[in-house]
Amino acid sequence: MKYRSYTLSNFRQIPQIEEKLSEEEKFVIEVIGTVLPFKVSNYIVEELIDWDNFEEDPFFILNFPQKGMLAEEHYQKIAPLLKNNTDKATIKKAVDEIRLQLNPNPAGQESNVPELNGVRLNGIQHKYRETMLFFPSQGQTCHAYCTFCFRWPQFALNSFKFAMKEADLMIQYLKAHPEITDVLFTGGDPAVMKTKFFEHYFNAILDADLDHIRTIRIGTKALSYWPYRFTTDDDAEELMKLFRKVTQRGISISVMAHFNHPRAMETEAVKQAIKNLQSAGVQIRSQSPLLKNINDDPELWSKMWREQVNLGIIPYYMFMARNTGAQDYFAVTLEEAWKTYQKAIQKVSGVCRTVRGPSMSCAPGKVQVLGIQKIHGEKVFVLNFLQGRNPDWVGRPFFAKYNPRAIWIDDLEPAFEEDEFFFENANLKLHVV
Ligand SMILES: *Cc1c(COP(=O)(O)O)cnc(C)c1O
Ligand code: SF4
């Protein structure tokens, strides 16, 4: 299959859209898609979406804007502008205003951007001691856009872009930080990069011969949105060769795959892609947020983890939907999320129980909901740091007042009459040289 993508400007050319959707339904896509970025690949259209039942299809909801993804007042601001063919500048102004109200930069990401000799490295984030995120500038888009994505400002708002292309700056930073073991390529989706760019960055890491770098990770959704990246794309074979070279040099490669639904692992294309990666010595781990309207069902998760293990994939994280963009449409409460995780994990054997969650990626770290308990008569959430901006927080359980409506850490207060959580007011800036 040859890659083709559809966005706001050409989605009406998708034959199934033309055939199955009413004019009104198409207009909804236009209104929401004007505010939230919208892009879908021909693989999703042709191999993943069940068009006979598209209204409820998880992949349709995951990739095509839906009415409830914007607040009614925001929808009512944009819809008349489009209906009346208002000029572009007026529409843009209204759109920008709405976007800024959708928390475009969650979890204080700018405070993860480190400095080297007084210069801000805008394509690096270093939040957790062992792992440096690298945002290669050629990998800051995706094969398709998820309607829940927290990276949407990367695509929609220029002022929130993280990216860099200087491999030598990355190497200098790694040299100055021997505590880093993992370099995580992220985006967007780095797998949209041509193999020659992968070669540029990976060879720089190999040539630098840094003993402390043990793992290169690639955070990608290509296995779900464009598996042909690892099979029949023009430079797929070169990419597999490069991966093999790196793994043979003793640096492990881990693809941090993103599967939201078991069906994404069923096509011939994805199965072949998984095999090719594994033959190149690559490990695959899987992570996904828990999303209302897509995968809020324990049976679905236990099925997904079992199938992943059968395919040689290691289940890794279950996330809470981030507090950004269309969160209201996708959010489940912390209580529901914990119950879903618990029910799902009970149904699988130990080989699947490598998955941790539900976890919130927030400013202090990755916070897991361990459960709900009554302690000395007080009902509380038991929480735990899976990752911490301060490494000493990791593995420290703490307690918050039970709140059945809480969907994010911001909704929580300390239990037992404490004034604040132990990590509040901590210095957020840790990695400055
Ligand atoms: C999740 C995450 C990582 C990776 O954490 P692991 O627990 O090692 O997978 C690194 N940096 C940031 C900012 C993250 O959110
Ligand atoms: S593939 Fe990842 S970065 Fe891209 S839109 Fe989806 S969640 Fe966001």
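In which loop is the place of glycine 188? Glycine 188 sits in the loop between strand E7 (182-185) and H9, where helices (H or I, at least four residues) and strands (E, at least two) are DSSP runs numbered from the N terminus. This is a predicted model, in which local features need pLDDT of at least 70 and side-chain atom pairs count only at pLDDT 80 or more, while totals for chains, interfaces and linings use all residues. Residues are numbered from 1 along each chain as its sequence is written, chains are lettered from A and ligands numbered from 1 in the order in which they are written, and side-chain values use heavy atoms, with hydrogens and water left out.

**Ligand site**

- Around ligand 1 are Lys127, Tyr128, Thr131, Leu133, Arg217, Tyr316, Tyr317, Lys366 and Gln387, a residue being near if one of its heavy atoms lies within 4 Å.
- Strand E5 (124-128), strand E6 (131-134) and strand E11 (313-320) are the elements that give two or more residues to the shell around ligand 1.

**Helix pair**

- Helix H8 (residues 167-176) packs with helix H9 (residues 195-208) at an angle of about 35°, and their axes are 10 Å apart; the axes are lines fitted to C-alpha atoms over the stretch in contact, and angles run from 0 to 180 degrees between N-to-C directions.
- From H8, Ala167, Met170 and Ile171 meet His200, Tyr201, Ala204, Ile205 and Ala208 of H9, contact meaning heavy atoms within 4.5 Å.

**Backbone details**

- The peptide bond from glycine 187 to glycine 188 is cis, with omega near 20°.
- Another cis peptide bond joins glycine 357 and proline 358, with omega about -10°, and proline 358 lies in strand E12 (residues 356-362).
- Asparagine 117, a residue other than glycine, has a positive phi near 50°, and is found in the loop between strand E3 (115-116) and strand E4 (119-120).
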